[in-house]
Amino acid sequence: MLTMLPNTVEAVIAFLGIAWAGAIGVPVNTAYKGDILRYVMSDADARVLIIDAEYLPVFTEVAAEITGVSSVVVVGETRDVPGRRVVPWDDVLASSPAPRADVTPGDIQAIMYTSGTTGQSKGVMVPYHQAYQYANPHTTHFQVEGEVIYVTLPLFHIGGQWQGIYAAMLANGRAVLKRKYSVSNFWADVDRYGVTQTTLLGVMAEFLWKQPPSDNDRKHTLKRVTMAPALENAAEFAERFGVRIGQGWGLTETGCVTRPPALDEPPQDPQCCGRVNDELYELILVDENDRPVPPGVPGEALVRGKQPFITMAGYWRKPEATVATWRNLWLHTGDVLVQNPDGTYKFVDRLKDCIRRRGENISSLEVENSVLAHPDVRECAAVPVRTEHIEDEVMIFVSLRPGSNLTPAALHAFLKERMPAFMVPRYIEIQDDLPKTPTAKIKKDVLRSRGVGPETWDSEQSHPQGAAR
């Protein structure tokens with residue numbers, strides 16, 4: 001069952017109900033539209049879609065090209081969807097519940113779509129045991145017995161749904177669910193609800209840090225912040241606000257492979273992502289030939305489980321990608337870590353050609369495909385560039401077809417109508433030709449090194465930049 005719901009109680013009820021029925025839940029990013037929405041919904045091949053009325057227009061635009069969905073359950077004001085049976089959400093709640101399904105730890109609980117790096121987004125098949133251990137407060141980032149977790153991350157991501165809502169459920173804690181993150185309301189909500197723990201993306205923490213200092217900065221109930229990625233000045237953040245900062249490391253395909261120390265243990269360097277959760281996982285760091293590297297040397301993180309069904313069952317309908325990821329009997333994460341002398345780990349970088357912007361992992365290929373849909377664009381390369389914020393911004397280099405007078409502003413307007421807001425490139429540079437390898441592949445390493453230059457158009461400034469970054 002597909003769900004396209006904002007951070008609301010209905011989203012929690014829907015996913016619990018799907019599990020109760022023994023169906024497979026497929027949460028969809030609520031920013032998706034156009035080709036990306038069409039692809040994910042068709043690839044999932046689900047029969048039922050549960051959708052908030054707010055998102056019905058974007059679904060209706062592509063509904064005729066989506067296969068599989070026969071029934072649409074609408075939360076809010078319903079309307080006709082051609083070719084689909086429409087069911088009001090209230091009618092579903094009023095109906096008699098189905099008998100509880102007999103599921104096993106190895107059955108698939110969810111398919112979570114995560115951005116690809118060399119292709120389209122892939123659906124990660126998550127078994128029940130993996131989902132449980134991701135939310136288990138005794139094996140993950142949070143220790144939440146009786147605690148209050150503040151949840152602003154979207155529920156279509158694992159971090160919001162399992163690390164927030166389900167972790168609180170498992171530990172008899174409470175979850176405060178917000179529709180979206182607000183800097184101005186953050187501390188007021190902490191005081192109002194007695195919040196003790198939360199997860200902040202690096203850019204969210206940066207916005208809090210940039211608020212004017214106050215005598216009330218340490219007068220609150222918040223105890224722990226899981227920060228991903230941690231700010232460079234995370235230690236100063238912790239001191240100013242009187243909180244404990246920790247971060248673990250994992251991914252949708254695995255769950256929490258490392259975890260920070262418990263609140264009753266000595267704190268660690270905020271840039272550290274903890275020790276291996278060795279009850280559940282093995283972790284090694286390797287070079288390009290899968291040979292282990294020594295402590296202090298960065299290497300790709302390879303993972304495998306110590307318990308059955310503790311990692312993904314594979315990529316939905318992508319057996320070749322599954323085999324490639326699991327080569328040599330290890331799950332290749334594409335992330336580069338380094339082991340510290342004390343046995344803890346630190347995240348270094350991503351091998352993947354992936355851009356992380358405002359908490360979203362963006363496939364460069366999906367960006368490029370959207371850009372190439374413009375008839376005047378001949379070729380395109382999307383790369384991440386660093387800005388004044390801690391995370392990436394999206395930059396595209398394009399060359400145009402002969403005779404075209406397409407401007408960056410016009411291209412940007414074209415993309416805004418066809419892409420989720422978080423994927424729309426901030427920076428655009430038009431070049432006569434893009435650098436190529438001898439085999440005619442675009443040299444993205446050259447473009448990444450080049451970054452923003454004097455001729456780069458910035459959508460936030462609407463004029464070329466004065467200097468490269």
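View 1. V424 is found in the loop that runs between α12 (408–416) and β25 (427–430), where helices (H or I, at least four residues) and strands (E, at least two) are DSSP runs, numbered from the N terminus. The model is a predicted one, in which local features need pLDDT of at least 70 and side-chain atom pairs count only at pLDDT 80 or more, whereas totals for chains, interfaces and linings use all residues. Residues are numbered from 1 along each chain as its sequence is written, and side-chain values use heavy atoms, with hydrogens and water left out. V424 has a relative accessible area of 7% and is therefore buried, a word that stands for under 20% relative accessible area, with exposed meaning over 50% and partly exposed in between (1.4 Å probe, protein chains only). Not counting residues up to four places away in sequence, V424 touches R357, H412, L415, K416 and M419, contact meaning heavy atoms within 4.5 Å. E393 is 31 residues from V424 in sequence, and the two are 9.5 Å apart in space, C-alpha to C-alpha.

View 2. Leaving aside neighbours within four places in sequence, F59 is in contact with L37, M41, L49, I51, I66, V69, V72, V81 and R84.

View 3. Strand β3 (residues 48–52) pairs with β4 in the parallel sense over five bridges, and two strands count as paired if DSSP finds at least two bridges between them. Within this pair, D52 stands opposite V75 in β4. Strand β4 (residues 71–75) is mostly covered, five of its five residues being buried; S71, V73 and V75 point one way from the strand, while V72 and V74 point the other way. Strand β10 (residues 197–201) and β11 likewise pair in the parallel sense, over five bridges, and L200 stands opposite M227 in β11. Four of the five residues of β11 (residues 224–228) are buried, so this strand is largely enclosed by the rest of the structure.

View 4. Three strands, in the order β6-β7-β18, form an open sheet with antiparallel pairing. Because β6 (108–114) and β18 (314–315) stand at the edges, each with a single partner strand, one side of each is left without a neighbour in the sheet. Strand β7 (residues 122–127) pairs with β18 in the antiparallel sense over two bridges, and the bridge partner of M125 is G314 in β18. Helix α5 (residues 128–135) packs on the sheet, touching β6 and β7, and its direction makes about 85° with that of β7; axes are lines fitted to C-alpha atoms, for helices over the stretch in contact, and angles run from 0 to 180 degrees between N-to-C directions.

**View 5. Loops on either side of β18.** F309, in the loop between β17 (299–305) and β18, has a phi near 60°, a positive value in a residue other than glycine. The relative accessible area of F309 is 45%, so this residue is partly exposed. R317 also has a positive phi, of about 60°, although it is not a glycine, and its place is in the loop between β18 and α10 (319–325). Most residues other than glycine have a negative phi.

View 6. The structure holds seven aromatic pairs; rings of Phe, Tyr and Trp (its six-membered ring) pair if their centres lie within 6.5 Å, and planes under 30 degrees apart count as stacked, over 60 as edge-to-face and the rest as tilted. The rings of Y150 and F186 have centres 5.5 Å apart and planes at 85°, so the pair is edge-to-face. Since Y150 lies in strand β8 (residues 148–151) and F186 in helix α7 (residues 183–193), the pair ties together parts that are 36 residues apart in sequence. Both Y150 and F186 are buried. Ring pairs link Y150, Y181, F186, W187, W209, F237 and F241 into a cluster. The charged end of R240 sits over the ring of W209, 5.3 Å from its centre, and R304 lies over the face of W330, at 3.8 Å from the ring centre; a charge sits over a ring if NZ of Lys or CZ of Arg is within 6 Å of the ring centre and within 35 degrees of the ring normal.
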